[in-house]
Amino acid sequence: MMEQLTKIVSEINGFLWGMYCLIPLLCGVGIYFTLKLDFIQIRRFGLAVKSTFGGLTLHGERAGKQGMSSFQSLATAIAAQVGTGNLAGAATAIAMGGPGAIFWMWIAAFFGMATIFAEAVLAQTYKTTDDQGHVTGGPAYYISKGLGSKKLAAFFSISIIIALGFIGNMVQSNSIADAFQTAFSLPPLLIGVIISALAAFVFFGGMGRIAAFTEKVVPIMAALYLLGGLIVLLANASHIIPALKMVFVGAFDPAAATGGIIGAGVKEAMRYGVARGLFSNEAGMGSTPHAHAVAKVKYPAQQGFVAIVGVFVDTFIVLNMTAFVIFVTNSIDGSTTGIALTQKAFESGLGSFGITFVAICLFFFAFSTIIGWYFFGEQNIKYLFGTKGTTPYRLIVMGFIVLGSVLQVDLVWELADMFNGLMVLPNLIALIGLSKIVSMALRDYDANNPR
């Protein structure tokens, strides 16, 4: 019965995330906003970096009813973006589509920067306050207030609560438990209970504790992972240029890039690269706007610029590190995939410590994603039920975290992918329907901040 259900859901996902549904829609929306906003990800990238890091501090103002600082909002978004997908997603794309899949990940991220600008702008434009006076927002709010469709907004909210808050967080805890069982021989249930307890400490501290956690942990976890990867790259520096060549050759001739080890064609390289890239940076999926909605900024476009940096960090820095560690250590063998391929690459580069290193990084990446995804789900619980629904939601999420650590989650992963796909559709409808609002917000910023 379970195998049959898994097969059915897998077939649905094959259509949703195939070359004829979400991939062209997400890329199409990215291209649309890139053209509509005159290549904003290039023209305003310097401003985006300055807006993000100009007043950077790890001891910012405590978040509260009025929201978070712009950097805290970005850190919360990146906490969700930079997760197991950066360790396992890149490896899976390479194993299934060859090195050229990374090129198509770059393409998806480039256009995704324009999409995520639009999402952040709309989240800021239509943000509101909940029944206790706390700032809240996200796609459900701009779908209901901007498009005027409460049914579509409710469909989005239900989908994201299931996809990220419940099922998504279950698979994150499963990833941590598996890694720690391999590296330290610890019982998965014990790991699940510990993760749940740590998560509850953050959950019940509200927006203030979530912001304090993400603004400190996200930069540290990224720096730790990049440092480990940099050590491997420097030790294999002579292989970096050939690896870069593999990416470009593999984008258009995958067999030539790997000597036939991976029998993928251009279609597979493009499909897996774009699909995994979009899944990693989350541009257009409707998740990260919840974090950008609560940023305390004067103009909506300000947070749009900051959001662009989030996609850049996720793909062009963190995900690229995983990919090039795999390339320079010559870890592609045609059979190893996912997190196992990443572990193999770091073990080759760092010795036996590589397995422990990946387990530690995976813990930080996956745990930060749990915090980010919990927060996104909570915003939609508030939309559907008000603040009275937050305590039951927290308890249910804690239960799913423990459950996820001990289950075989093939079906759960498929269900998460399916609900992820379903929540994308209403978000894309809203982005196109409200595109004029995005353009107006950019013009308003320019009128009040002449260059």
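Predicted model: local features only at pLDDT ≥ 70, side-chain atom pairs only at ≥ 80, totals over all residues.

Colleague: Which element gives the most to the lining of the largest cavity?

Modeller: Helix H7, with four residues. The lining includes Ala-108, Phe-111, Gly-112 and Thr-115, along with Leu-26, Gly-284 and Leu-428. By class, there are seven nonpolar, four polar and no charged residues.

Colleague: And how does the lining of the second largest cavity divide?

Modeller: Five nonpolar, two polar and one charged. Glu-282, Met-285, Trp-373 and Asn-420 are among the lining residues.

Colleague: Switching to Val-424. Where is it placed?

Modeller: In helix H20, residues 410–433. Val-424 counts as buried because its relative accessibility is 0%.

Colleague: What is Val-424 in contact with, leaving aside neighbours within four places in sequence?

Modeller: Leu-22, Leu-26, Gly-284 and Met-285. Val-424 and Met-285 are 139 residues apart in sequence, yet 4.7 Å apart C-alpha to C-alpha.

Colleague: Thr-288 next: buried or exposed?

Modeller: Buried, at 0% relative accessible area. Thr-288 is in the loop between helix H14 and helix H15. Beyond its neighbours within four places in sequence, Thr-288 is in contact with Ala-77, Gln-81, Ile-116, Glu-282 and Phe-376.

Colleague: Last one. How many residues has the largest nonpolar core?

Modeller: It has 149. Phe-327 is one of those with the most contacts inside it. Among the contacts of Phe-327 are Ile-94, Ile-102 and Met-246.

Methods. Residues numbered from 1 in each chain as written. Heavy atoms only, no water. Helix = DSSP H or I, 4+ residues; strand = E, 2+ residues; numbered from the N terminus. Buried < 20%, exposed > 50% of the residue type's maximum accessible area, 1.4 Å probe, protein only. Contact = heavy atoms within 4.5 Å. Core = buried A, V, L, I, M, F, W, Y, C linked by side-chain atoms within 4.5 Å. 1 Å grid on protein atoms, 1.4 Å probe; cavity = no way out; pocket = protein on both sides within 12 Å on 5 of 7 lines; lining within 4 Å. Nonpolar A, V, L, I, M, F, W, Y, C, P; charged D, E, K, R; others polar.
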